[in-house]
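Please read it alongside the sequence and the model.

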Amino acid sequence: MRKIRWPKSVVLGNKNPTVATAVIMSAPDGDMNRVATRRGLKWLNDRDCTCRLSSLYYGNAGFLAGEPGKVAEDLNEAFRNPEVDWIISGGGGYNSNALLPYLDYKAIAKAKKPIVGLSNPSVLLNAITVKTGVVTYHGPVLTHNLGDKNGIDEFTEGHFREMLAGGKK
């Protein structure tokens with residue numbers, strides 16, 4: 001059995017800005033998703049988090065953001081980039097399983113960055129934990145949660161912050 005390895009801690013809203021890269025596994029839902037993306041980015045910016053969208057975030061190759069190898073390379077680059085502190089999924093999708101052969105598990109294991117997602121990205125989260133031992137998080141995503149017109153509630157925000165901070169309140 002692989003030893004469990006905890007990712008680095010990230011503290012939001014501490015006036016010491018963190019950098020998040022939002023990665024999306026499938027094509028967004030047109031303008032509605034762009035509005036939710038803007039709201040989600042604002043939510044993170046209001047908590048001292050600088051955000052970068054992955055190069056294919058708004059990509060559209062049918063129902064995918066791009067070819068699986070290219071989408072996976074966006075994710076690999078976020079793990080390799082020392083300026084990126086953590087990664088949050090933009091939303092769900094249909095193609096996470098197609099990305100698995102292209103992930104750089106050595107770079108992911110070395111980086112030990114928090115990655116948060118739900119729904120379709122669960123495949124990636126589970127594979128990353130199995131292959132690297134690094135804990136991943138099933139939690140709010142940029143568009144459907146942070147970018148919801150009502151945002152996330154205080155209870156969820158508190159646990160989200162605690163999760164990213166490695167259990168520290």
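In the largest nonpolar core, which has 20 residues, Leu12, Trp86, Val116, Phe160 and Leu164 touch the most other members. Strand E1 (18-23), helix H1 (30-45), strand E3 (86-89), helix H6 (142-146) and helix H7 (154-164) each supply at least two residues of this core. The model is predicted: local features need pLDDT of at least 70, side-chain atom pairs count only at pLDDT 80 or more, and totals for chains, interfaces and linings use all residues. Residues are numbered from 1 along each chain as its sequence is written, and side-chain values use heavy atoms, with hydrogens and water left out.

**Nonpolar cores**

- A nonpolar core is a set of buried Ala, Val, Leu, Ile, Met, Phe, Trp, Tyr and Cys residues joined through side-chain atoms within 4.5 Å.
- Buried means under 20% relative accessible area, exposed over 50%, and partly exposed in between (1.4 Å probe, protein chains only).
- A second, separate core has 18 residues, among them Leu75, Val84, Ile87 and Leu124.
- Leaving aside residues up to four places away in sequence, Trp86 touches Val10, Leu12, Thr18, Val19, Ala20, Thr21, Leu44, Cys49, Pro114, Val116, Phe160 and Leu164 (contact means heavy atoms within 4.5 Å).

**Largest pocket**

- The volume of the largest pocket is about 190 Å³; a pocket is an open set of points on a 1 Å grid over the protein atoms alone, where a 1.4 Å probe fits, with protein on both sides within 12 Å along at least five of seven lines.
- Its lining has 14 residues, and Lys8, Phe79, Pro82, Ala111 and Lys113 are the closest to the centre; lining residues have an atom within 4 Å of a point.
- Helix H2 (68-80) and helix H4 (105-111) each supply at least two lining residues, and H4 gives the most, with three.
- By class, the lining has seven nonpolar, two polar and five charged residues.

- Helices (H or I, at least four residues) and strands (E, at least two) are DSSP runs, numbered from the N terminus.
- The 13 residues of H2 should span 18 Å at 1.5 Å a residue, which agrees with the 18 Å between its end C-alpha atoms.
- Buried residues in H2 are Val71, Ala72, Asp74, Leu75, Asn76, Ala78 and Phe79.
- Leu75 counts as buried because its relative accessibility is 1%.

**Phe155**

- Phe155 lies in helix H7 and is exposed, with a relative accessible area of 62%.
- Between the C-alpha atoms of Phe155 and Lys70, 85 residues apart along the chain, the separation is 36 Å.

Terms used: Points joined across faces, edges and corners; volume = space filled by probe spheres on them. Nonpolar A, V, L, I, M, F, W, Y, C, P; charged D, E, K, R; others polar. Expected span 1.5 Å × (residues − 1).
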